[in-house]
Each structure stands twice: as C-alpha cells, then as structure tokens.
Amino acid sequence: MCRHRSSRLAFALVAAALALGVVWTPAPFAQGKKLKIGVVYDYTGPFAGGGSELHALGAKIMIDYFIKKGGVEGYQIEALYADAQSKPDVAINEAVRMIEQEKVDMLLGFYSSAECVPAAARIEQLKKFMWITTCISSAVLENRNLKYVFRTQPSGRQFGLMSADFVAKNAKAKLGKDAKDLRVAIIHEDGAYGVDVSKGNEEGAKKAGFSIVLKEGYAATAPDLASLVTKLKRGRPDVVFHTGYNPDITLFLRQAREQGLRFSALIGHGAGYGVYDKLKESLGKDVNWFFNVDPISIWLTNEKALKKELPPMIKLIGDEYEKARPGTQVKSAHVGMSASNTYVFMTEVLPRAIKKHGGIDAEALRKAALEVDLPEGGTMLGFGVKFLGEGSPMAGQNDRAFPVIVQYVDDKPYIVWPASLQQREPVLPLPGTSPYAAQ
Amino acid sequence: MAIVDIFLLEALLNGVLLGGVLALLSLGLNLIFGVIDVVWICYAELIMLGMYGMYFLYTVYHAPIVAAAAVCIVAVAVLGVLLHVLVIAPLLGAAPINQLLATGGVLFFLQSAATVLFGIEFKNLGLRLPVLKVAGMFVSYSRLLAFAAALIGMVLVYLFLTRTYTGTAIRAIAQDRQIMPLMGVDSRRIYLITSALGGGLAGLAACLLVLQYDVHPFVGLSFGPITFLICVLGSLGNFVGGFVAAFVFAEIIALGGLYLDLEWGYVFAFAFFIVMMFVRPEGLMARRS
C-alpha cells in the first residue's frame with residue numbers, strides 16, 4: 001500500500017514538474033557517444049488518464065532497460081521527457097523545443113492523433129526522426145510522403161475495418177441476421193483518431209452491406225451526450241461501434257444505461273476501452289461482454305509463436321508494470337504497446353543505423369527503419385514489421401501491423417478475432433444479464 | 001401511430017435536466033459576481049476539489065454519502081473564504097483585468113495542485129443510482145437530484161437575500177459598494193459571507209456532479225467555459241437570469257443535438273449567445289445596464 005502510494009506520489013511529482021515545463025534528465029553522461037531521445041506524451045490533461053500515461057510508462061520501462069544495459073552499440077541513451085498536456089499546440093512546441101534547444105537526435109512517443117498529425121509535419125520539416133509508439137490516425141501519414149516519420153502501430157482505418165469484418169463474419173451465426181439486415185451505429189470522438197477509425201468502420205460496414213442507422217462525432221470534452229443516446233435509441237442499432245478517449249466513454253455508457261439504450265454488441269476501439277480497470281471502476285459489471293479493438297496485449301500473445309528473446313522481455317515489462325502500478329487487475333495493453341514499439345526501435349532500427357549507416361542522424365535512422373524486415377512473431381505484439389517506403393500513400397506505416405479484438409468476460413480479456421488467434425468464441429449477442437442487452 | 005414523438009419528449013426532458021446541472025453551476029458564480037463584482041474564473045476548479053472531497057470521503061474513508069456531502073459543502077465554502085481573503089481582497093481596488101488574471105492563476109494552481117496530490121487518473125464514486133421510467137422515457141436520478149437541488153438552491157438563496165438582514169445587506173452592497181460602508185455596513189464581513197455562500201454552492205454542485213461524472217484534475221474544463229457563458233447570457237450577477245439562461249442554453253443543445261449532429265447543438269447555443277450579445281448585451285434578465 002505504502003509502495004503504491006509512494007509510486008503514485010513520485011509519478012504525480014514528475015507529472016507536475018512536466019506540467020510546469022521542467023524537463024527531467026537522468027544524470028548526464030560525461031563522455032562518449034550518446035543518443036538523446038525526446039519523449040513526448042500527455043502526462044497531464046484528459047488524455048493522461050485516458051491512456052497516455054500508461055503508454056509513457058511502457059516507453060520509459062523500455063528506455064530505462066536500455067540505459068541500464070549501457071546503451072546500444074556504444075551509444076549511451078539519454079531520455080528527456082516532455083508533457084504535451086493533452087494539447088496539440090503544446091505537443092508541437094515541446095517537440096520543437098526538444099529539437100532546437102535540447103538538441104535531441106530524435107523524438108519518440110505521441111499518444112493523441114490530434115497531436116501527432118501536426119507534430120509529424122513539423123518534425124519532418126526540421127528533418128528529425130520521429131518514432132511513433134501510439135497514435136493511430138491514418139491522417140498522420142496518409143498522402144504526406146513523410147521521410148522521417150515511422151509508425152509500428154496499425155492505423156485507425158485498420159481498427160475500423162477489423163471490427164466491421166468481425167461483425168460481418170458473425171452476423172448470421174451469432175446474431176441470426178443477414179449482414180444486410182444488421183443495423184449498426186458508428187459514434188466517435190471528433191478528433192483525428194475517432195474520425196479515422198469511424199471511416200474504417202463505415203468503409204467496412206458498407207462493404208458488408210450493413211444498414212448504418214447513425215454515424216456521428218462528438219467532442220471528447222462534451223459535458224452531455226444525452227441527445228446522442230436518444231438518437232441511438234431512435235435508430236435501434238444491433239451493434240454500436242464506438243471510438244473515444246476517456247472520460248467521454250464512461251459518460252456515454254453511463255448515460256446510455258440511464259436512458260435505456262439497448263444493443264446486441266458494443267465494440268470499442270482502443271484508448272479508453274483499452275484501460276479495463278478504469279472501465280470496471282466506473283461501470284462495474286456493466287462492462288462485461290464489451291469488445292475492444294487494439295493491438296494485442298503482450299500478455300495475451302502466444303509466447304511460442306514469438307522470437308525466443310521476447311518472452312523474457314514481456315516478463316520484465318510485466319514486473320516493472322507491477323512495481324509501478326501494484327494491484328492492477330488487468331494489465332493494460334497500452335503499456336505493452338509502447339514498450340514493444342520502443343523495443344523494436346532499440347533492437348532493430350538503432351543498431352542497424354549505427355553499424356550499417358554510420359550514425360544516428362535522421363537519414364541513417366530512416367534508412368535503417370526501411371530495412372527492418374521482421375516476420376510475424378517478430379515483435380511482442382505478435383505482428384511483423386516492414387515499413388512502407390517513399391511513393392506509398394502510407395509511407396512510414398508498418399505494413400505488417402494488425403489489431404485484434406478482445407472481449408472482456410468476467411474481468412478477463414480474451415482474444416476473439418481474428419480466428420487464427422482466437423482464445424474463445426465471442427459471446428454475441430449481449431447476455432440478458434447486461435443492462436444494455438437488447439430485449 | 002404515436003401522437004407525439006417520444007424521442008422529442010425525451011430530448012426536451014434531457015434538456016431540462018441538463019439545464020438543472022448548468023443552473024446549479026451558475027448559481028454561486030452569479031452570486032459572487034453580483035455582490036463582489038469579481039469573476040471567479042477558477043470556480044469550476046473549486047467544484048473539482050469538492051468532487052475529489054466526495055470521492056475520498058465516500059470511497060476511501062467510507063463516510064455515509066450525506067455526511068460526506070455536508071463536509072464537502074462546508075469545506076468548499078471555507079475554500080471560497082480563503083480564496084477571497086488570500087487572492088480577491090488584496091485586489092478589490094485593482095483593475096478588473098488584474099482580478100481576472102489572479103483568479104485565472106488560481107485556476108492553473110488548483111489544476112496543478114490536484115495533479116500532484118491526486119494524480120491524473122479518473123476517479124468516481126462507483127455509485128449507480130436507479131433510473132426512473134416514465135411513459136416510455138428514462139429519467140436519470142442523479143440529474144433529477146441536480147435539477148431539484150438547483151431549484152431549491154435558487155429559492156433558498158432568493159429567500160436568504162430578500163428575507164434576512166444579512167441578505168439585505170448583501171443586496172445593498174451589490175447595489176453600491178462605495179456608499180454602503182459609509183452607512184455602517186461591514187463590507188468585509190459581507191464579502192466573506194458571500195464568498196462562503198458562493199463556495200458552498202460550488203460544494204453543492206460538486207456533490208451532485210460527482211454522481212454523474214468522473215473526477216480528474218481537468219474536469220473543470222468541461223464546465224467552466226459554458227458556466228461563464230450562461231452567467232453572461234443571463235446577465236452577470238443575476239442568479240435568476242442565470243437560472244433561466246441555463247435552461248434556454250440546455251434546450252438549444254438538446255434539441256439541436258437531436259435533429260442534427262450533437263456538435264450542432266453547441267454551435268446553435270453559442271450562435272444564440274453571440275446574437276443575444278448584440279441584441280441584449282446586458283443579458284437576458286438585465287435589470288440595469
């Protein structure tokens with residue numbers, strides 16, 4: 001308990017220091033080669049509790065691991081942490097400040113797509129290397145032909161397409177309806193992240209022939225979503241596709257319950273839906289049977305299908321996570337995501353850039369990133385890595401990334417889609433014990 | 001065939017209930033401005049602290065909810081007094097912009113202090129109140145409570161201001177800050193009572209909002225701006241005007257959001273506000289310019 005409190009206090013102090021614009025730097029290395037990484041996440045503001053802080057934790061665990069190891073290929077690692085404060089303008093300013101004043105060699109992190117889209121353009125302009133661990137909006141990369149921006153995560157569009165595909169494949173067998181008779185609603189926060197996932201939902205729904213009864217965005221900070229719930233009641237969707245941060249997710253679900261919204265399935269897409277403990281705390285048992293689309297949790301991967309050095313890393317990350325957040329009921333996939341993506345950079349990109357391309361400048365890192373060729377099972381997240389190069393509409397995107405769909409059943413997440421990774425049959429429609437279950 | 005659109009009725013009802021929440025928020029702020037002539041920009045942050053108080057008392061220390069609410073209301077009232085003594089009182093004679101900046105500074109201070117003390121995680125009471133089903137419509141108990149509290153709060157404040165000696169003194173000070181001290185009214189005492197009352201109303205809002213929303217250091221961002229708009233729309237300092245404006249605003253949001261995208265509801269509400277600023281710059285219920 002004491003340890004829990006002190007770790008929370010320590011985190012809070014770091015967050016407060018970051019909020020005041022103070023950059024924390026570990027003891028400087030006096031001599032030798034050094035890679036300075038600017039790490040940007042939201043440590044304060046609404047995105048912090050919505051998942052960013054967990055991503056920041058994952059990245060920090062991995063960076064600290066390599067610092068303790070003495071660095072990579074003769075280069076010591078120094079990390080400078082900055083708080084984007086859940087504001088795109090602050091994210092850009094911090095990125096620029098890191099580059100121009102702190103002289104970092106590269107930037108890593110970025111939780112919110114709303115921050116990622118403008119920050120990527122600015123960092124590219126300054127010809128610095130940007131390694132995205134988190135944000136998923138296609139708009140970050142699509143048709144921008146960025147040279148120095150790379151993302152191992154799947155894109156938001158893939159999230160949206162996967163959930164629609166999952167419903168299409170289960171409509172007849174589980175819901176007893178042909179796809180054309182299935183009524184779906186797509187609701188999302190109206191930032192770059194929600195919009196991109198919703199486009200994937202819509203594309204997938206149209207392809208499957210679903211009837212879209214409502215597609216609507218809302219501000220994640222909206223104090224009231226009652227009208228949206230009323231419209232959903234009017235549309236009577238069988239399935240609700242929802243993309244949000246937090247606390248908009250809990251506000252929506254609370255108001256949906258209070259207003260008597262009923263459906264057969266609810267599929268969330270990452271962010272707030274990926275932090276099960278908070279969902280459970282807010283909604284209690286009501287969260288049972290909900291689905292979530294995200295890259296796989298590293299704690300749910302089939303270890304036998306991974307490269308042999310990865311399972312011990314997963315254990316190490318889990319141990320560090322437990323130290324930082326004792327008593328966590330369900331380890332959030334968020335921590336594993338950023339840890340895995342940081343690990344890929346440290347083990348695949350950085351050594352290659354140093355050994356083969358002569359250093360750590362943006363050009364060397366870019367060349368190294370483009371040469372990464374990991375097959376499926378090559379990362380802790382299960383997927384492989386091969387970045388799309390110049391000329392591709394999604395240059396910088398990992399072409400081998402894919403999300404999975406988990407279902408929360410009695411406080412445990414189970415992979416239910418894709419079929420090749422399925423841990424249990426999906427429970428569809430919502431059982432009658434759920435207050436949201438369609439009568 | 002239904003004679004009335006049940007969903008329209010539900011939206012109207014939701015508008016009324018949201019109006020109750022917004023009216024509750026605007027009550028204390030209007031009182032403060034009306035009497036002390038200072039806008040507490042950090043008003044929503046006082047509510048945030050009250051919400052944290054409820055969280056800790058009820059969830060961590062397992063205090064009965066009514067006792068927790070009573071403690072929170074008193075605690076936020078004390079915070080209101082402290083705010084006045086430490087920040088407002090030294091600036092009473094300063095330019096309004098200085099007062100505004102000072103309370104703005106308190107806003108950031110409170111947000112950062114809450115981050116340090118409570119962390120950035122969203123917290124909630126884990127309470128799920130029952131839902132009323134009336135004629136095919138669902139009514140949230142927590143919103144109904146907020147609505148009733150706003151109504152009762154407004155009546156009580158009105159009675160206090162019109163039926164008590166202190167209330168009369170408060171109104172007198174609000175009408176003329178310079179003359180009343182010359183007539184024997186202790187303006188410092190009146191300001192302290194008003195600050196306590198304003199803080200207490202923020203505490204009451206906190207007790208009811210925490211039943212509906214998660215609390216985090218930045219929860220004030222969701223309510224602060226809209227509360228100020230409502231106070232201005234209803235005529236700053238006029239709490240009856242604020243009450244009416246809250247319902248007008250909420251109905252525009254609810255109905256606009258029903259027939260168009262949710263965001264349009266807010267667009268219409270803000271457009272209405274801008275138009276009204278041209279038509280009635282003193283606010284909907286202005287008694288004097």
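**Helix H2 of chain A**

I count a residue as buried if 20 or more other C-beta atoms lie within 10 Å of its own, as exposed if 12 or fewer do, and as partly exposed in between, with C-beta atoms placed from the backbone. Helices (H or I, at least four residues) and strands (E, at least two) are DSSP runs, numbered from the N terminus.

I note that this is a predicted model, in which local features need pLDDT of at least 70, side-chain atom pairs count only at pLDDT 80 or more, and totals for chains, interfaces and linings use all residues. Residues are numbered from 1 along each chain as its sequence is written, while chains are lettered from A and ligands numbered from 1 in the order in which they are written.

I checked the length of H2(A), residues 46-68, next. At 1.5 Å a residue its 23 residues should span 33 Å, and the end C-alpha atoms are 32 Å apart, which agrees. The expected span is 1.5 Å times one less than the number of residues. I also found a bend of about 60 degrees at Ser52(A); the bend is the angle between axes fitted to the seven residues ending there and the seven starting there. After the helix comes Gly70(A), with a positive phi near 95 degrees.

**The five-stranded sheet of chain A**

I traced an open sheet with the order E2-E1-E3-E4-E5 (chain A) and parallel pairing. Which strands stand at its edges? They are E2 (76-83) and E5 (149-151) of chain A, each with a single partner strand, so one side of each is left without a neighbour in the sheet. Neighbouring strands are turned by 20 degrees against each other on average, direction ignored. H2(A) packs on this sheet, touching E1, E2 and E3 of chain A, and its direction makes about 170 degrees with that of E1(A). Contact means that the C-beta atoms of two residues, placed from the backbone, lie within 7 Å. Axes are lines fitted to C-alpha atoms, for helices over the stretch in contact, and angles run from 0 to 180 degrees between N-to-C directions.

I then followed the pairs, where two strands pair if DSSP finds at least two bridges between them. E1 (residues 34-41) and E3 (residues 106-109) of chain A run parallel and are joined by four bridges; Val40(A) has Gly109(A) as its bridge partner.

**The seven-stranded sheet of chain A**

I found another open sheet, in the order E7-E6-E8-E9-E10-E11-E12 (chain A), with mixed pairing. At its edges stand E7 (211-218) and E12 (412-417) of chain A, each with a single partner strand, so one side of each has no neighbour in the sheet. The twist averages 25 degrees from one strand to the next. E6 (residues 183-189) and E8 (residues 239-243) of chain A pair in the parallel sense over five bridges. Within this pair, Ile186(A) has the bridge partner Phe241(A) in E8(A). Helix H7 (residues 226-235) of chain A packs on the sheet and touches E6, E7 and E8 of chain A; its direction makes about 175 degrees with that of E7(A).

**Glu363 of chain A**

I looked up Glu363(A), which is in helix H12 (residues 362-371) of chain A. Is this residue buried or partly exposed? Glu363(A) is partly exposed, with 15 other C-beta atoms within 10 Å. Glu363(A) and Ile186(A) lie 177 residues apart in sequence and 41 Å apart in space, C-alpha to C-alpha.

**Chain B**

I checked helix H4 (residues 96-118) of chain B: its 23 residues reach 32 Å from first C-alpha to last, close to the 33 Å expected. Its buried residues include Ala102(B), Val106(B) and Leu110(B). Just after H4(B), Gly119(B) has a positive phi of about 80 degrees.

Val157(B) lies in helix H5 (residues 141-163) of chain B and is buried, with 20 other C-beta atoms within 10 Å. Not counting residues up to four places away in sequence, Val157(B) touches Leu27(B), Leu31(B) and Phe239(B).
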